[in-house]
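Thanks for making the time this morning. I would like to walk through a few side-chain interactions in one model, and I will give the cut-offs as the terms come up.

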Amino acid sequence: MKAARVVVVGWDGATFDVIKPLIAAGRMPHLAALLEKGVHGPLCSTVPPVTPVAWTSFATGTSPGRHGVFDALTLDPQTHEVRFVSAAMRRAAPIWAVLSQRGRPAGAVNVPVTWPPEPIDGFVVPGMFTPSDAEDFVHPKELRAEIEARFGPGLCRDSPAMDPDPARYLDNLLAGVDARCELTLWLMARRPLDYFCSVFMESDRVQHFFWAYRDPAHPLHARLGRAIEAVYERLDAALGRIVAACPPETAVALVSDHGAGPLRRAIFLNRWLMDQGLLVLSGDLASLAGRRPSPLRRAAAALAKAVLPASVLAARRKARSRAHARINNLFSAIVDWERSACVSEGIAGGIFFNPRLVGQGDREALTRRLKEGLTAIVDPETGEHPFLAVHAREELYAGEAVAHAPDVVTLCGPGYQVLVPHEIALYGQGAPTGLFASHKWSGRHEQHGVFALAGPGVAAGVALADAAMPDVTPTLLYALGEAVPDNMDGRVLATAFTPETLAARPPAVAAATAATAAAAGTDGEAAARIADELSDLGYM
């Protein structure tokens, strides 16, 4: 048996740690029914478990060493410019392009790092990491006008903007789930597709900003202690409507790119590099602080969006975008590149070597020094090690894109996250004087997300034990009766299917599909506009 079509529902950052208690309490009946009908299990994310990296592995069935996306931000070791990633950096074709080339129409909605979109038979409505003022960012371009005519402006964008009032922000997130569900259902009905994927980001947003409220000792616990659960329950209702709208012989998958857990402390990795003499600044670190607008200015900006003409708002947005571009590179601008061996950039704590000072023969010794020093750090407040592991990039990745990865990748222990240089300028908390600092988030990413699959040929009631992010797309291709491209690192999860299905249709391999992303890249202006979008979402 094989599915006539596949529908994928993405819940960014969803975790069984939240889901299973809700299912046990009868609060997520639609997901419970899906799990009972099919297979499910924890889904091991990428290293690092960061949204753009993991969703790119999902889309392409490849590991970061092959697809070339290693973080949300990347540092050019030659020019020292810090930029956001985009689909133009992706070196492997996503599943919707693979299927389109095989004559099977496909669609993707709100998947992160899908701008610029591929010209496929179907549609792509890009998600997170799309420039805030891009005009023709939807494929086909006329689809954006149709969506806005039906739902009004804004729904093509990622998810509801951040609100300084947490209760109001929660309301916005719940409304965002409903709006995304309506768009999903409308697109499903608009044109039959063999593959359709729609990602909901609200689960990730609520966990980053509301995790602390789960603590009974928090002063807002009584009002917002179940905010995360409320969003999951709303997502479950949306899932029920989407499943009900699926035609017969549809395989339905639920995917989350990583898990979630509490964030208690941030560690300023660059401070340690400075203390070791590996990073030297030519300017004052304190000059980075205080660049974020005050709450009053942010409230005024929100009011301006509601009352000012579009032309004025566009001019203000362009000016703010340029400011964000400067903020992203403020730290790089005060690094003394003639005396610095390495620097940490990106939200995952990657360390880039300075090729001016670190030759090929120096790499092993510097890597060993970083491994020994970072894993030996102890937080004096907790007695814990903030870094669980430190790896050379070659230990983690394989493929033609490895040379574009950070030279060293750090993995934080539970409750910790690296403080990114631009966060000093944005969070208004002052430059950290020591190694540890607070963070505006109270929830962080964890290594294991969620995978579930039900439909024709899929086993029922089976628990998956070893699923990883690159395995999802090969498994979905198999469910559709399609061969897996030979460049995919993931494998078909054989235990997800009945023995009869596997016997009748052994997994097949085909030649890889070439990547087709438009060559837009993220030049300075585009990167600034992506920063502007992430600022609206609360990420900057």
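**Side-chain interactions in a predicted model**

Y169 and F209 are both buried, where buried means under 20% relative accessible area, exposed over 50%, and partly exposed in between, with a 1.4 Å probe and protein chains only. Before going on, this is a predicted model, in which local features need pLDDT of at least 70 and side-chain atom pairs count only at pLDDT 80 or more, while totals for chains, interfaces and linings use all residues. Residues are numbered from 1 along each chain as its sequence is written, and side-chain values use heavy atoms, with hydrogens and water left out.

Let me start with the rings. Searching the whole structure gives 11 aromatic pairs, a pair being two rings of Phe, Tyr or Trp (its six-membered ring) with centres within 6.5 Å, counted as stacked with planes under 30 degrees apart, edge-to-face over 60, and tilted for the rest. One of them joins Y169 and F209 edge-to-face, at 5.8 Å centre to centre and 80 degrees between the planes. Because Y169 belongs to helix α7 (residues 166-190) and F209 to helix α8 (residues 202-210), this pair ties together parts that are 40 residues apart in sequence; helices here are DSSP runs of H or I with at least four residues, strands are runs of E with at least two, and both are numbered from the N terminus. Ring pairs also link Y169 and F209 with F210, Y213 and W441 in a cluster.

Next, the charges. In another salt bridge, the closest N and O atoms of R491 and D466 are 3.0 Å apart. R491 lies in the loop between β20 (484-485) and α19 (499-504), and D466 in the loop between β18 (462-463) and β19 (467-468), so this pair ties together parts that are 25 residues apart in sequence.

Which residues are linked in a network of salt bridges? They are R102, R104, D194 and E482.

Last, N354, which is found in the loop between β11 (350-353) and α15 (363-375), counts as buried because its relative accessibility is 1%.

How values were computed. Salt bridge = Lys/Arg side-chain N within 4 Å of Asp/Glu carboxyl O.
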